[in-house]
Amino acid sequence: MQRLLATLLIVFAAAAGGASAGSLYPEVPKAVGEAHPEGNAFMRINHMRLLRHDRDEVMHLGNRDTQYSLKECVACHAVTGPDALPISVKEEGHFCRSCHEYAAVKIDCFQCHNSKPDEGFTALLMQTPAASESDIAAYLDGVTQ
């Protein structure tokens, strides 16, 4: 019994010692827009509640004037691939996949919605030099209208 306990302690210590602090959590790509007014912690905890609420408002009540939009989420959190174009949820490194795979939660939003931003946002990303924050903010303002 002592041998088993000692072996387990050695294995655990080796695993903990070999892990860097960043490897304990998913690597979440940085967003390109402004920080959430409510804070990142609020959005991490409540994003599904907000998306479901707005889905119900739009689909069941016909109210398209909602505070949050999946389209805006996708635009702000777009991750680009080696070709500098946004990647889809099917590709490794997509913003949503980083946490959903870590938590073993299926993403079903993109059965109906696009997992990449639309052409206008892609054009902003492709500008040389990179799109300024004001360009991105102007684009996002247009998306919400």
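**Notes on an all-helix pattern**

1. Starting with the contacts: of those in the chain with a separation of 6 or more, 56% are between residues 24 or more positions apart. Keep in mind that this is a predicted model.

2. On secondary structure, the chain has 6 helices and 0 strands, so the pattern along the sequence reads α-α-α-α-α-α. Helix 1 covers 2-18 and helix 2 covers 40-59. Further along come helix 3 at 70-76 and helix 4 at 95-103, and helix 5 spans 119-126.

3. A word on surface and burial. Of the 145 residues, 24% count as buried. The accessible surface of the chain is about 10700 Å², and carbon and sulfur atoms hold 59% of that.

4. Tyr-68 is worth a click. You'll find Tyr-68 in the loop between helix 2 and helix 3, and its relative accessibility of 16% puts it in the buried class, because the cut-off is under 20%. Setting aside neighbours within four places in sequence, Tyr-68 is in contact with Glu-38, Phe-42, Met-43, Leu-50 and Asp-54.

5. The partner is Asp-56, with the closest N and O atoms 3.1 Å apart. Both ends are partly exposed: Arg-55 has 43% relative accessibility, and Asp-56 has 30%. In the whole structure, the search turns up 4 salt bridges.

6. Now to Arg-97, which takes part in two of the pairings listed here. With Glu-92, the salt bridge has an N to O distance of 3.4 Å. With Glu-101, the closest N and O atoms are 2.5 Å apart. Arg-97 and Glu-101 are both in helix 4, and because they are 4 residues apart, about one helical turn separates them. Through shared partners, the salt bridges join Glu-92, Arg-97 and Glu-101 into one network.

7. How exposed are the members of that network? Arg-97 counts as buried, at 14% relative accessibility. Glu-92 is exposed, with a relative accessible area of 64%, while Glu-101 is partly exposed at 44%. As background, side chains of opposite charge can pair when their charged atoms come close.

8. Leu-24, Tyr-25 and Tyr-102 make it up, and it comes to about 390 Å². Leu-24 sits in the loop between helix 1 and helix 2.

9. Last, a couple of backbone angles for your checklist. Most residues other than glycine have a negative phi. Ala-84 has a positive one, near 70°, and so does Ala-104, near 55°. Ala-84 lies in the loop between helix 3 and helix 4 and is partly exposed, at 33% relative accessibility. Ala-104 lies in the loop between helix 4 and helix 5, where its 70% relative accessibility makes it exposed.

Key:
Residues are numbered from 1 along each chain as its sequence is written. This is a predicted model: local features need pLDDT of at least 70, side-chain atom pairs count only at pLDDT 80 or more; totals for chains, interfaces and linings use all residues. Side-chain values use heavy atoms; hydrogens and water are left out. Helices (H or I, at least four residues) and strands (E, at least two) are DSSP runs, numbered from the N terminus. Buried means under 20% relative accessible area, exposed over 50%, partly exposed in between (1.4 Å probe, protein chains only). Contact means heavy atoms within 4.5 Å. Accessible areas come from the Shrake-Rupley method with a 1.4 Å probe; for residues, only the protein chains shown count as cover. Patches are made of residues with over 30% relative accessible area and no salt bridge: like charges are joined within 9 Å, nonpolar side chains (Val, Leu, Ile, Met, Phe, Trp, Tyr) within 5 Å. A salt bridge is a side-chain nitrogen of Lys or Arg within 4 Å of a carboxyl oxygen of Asp or Glu.
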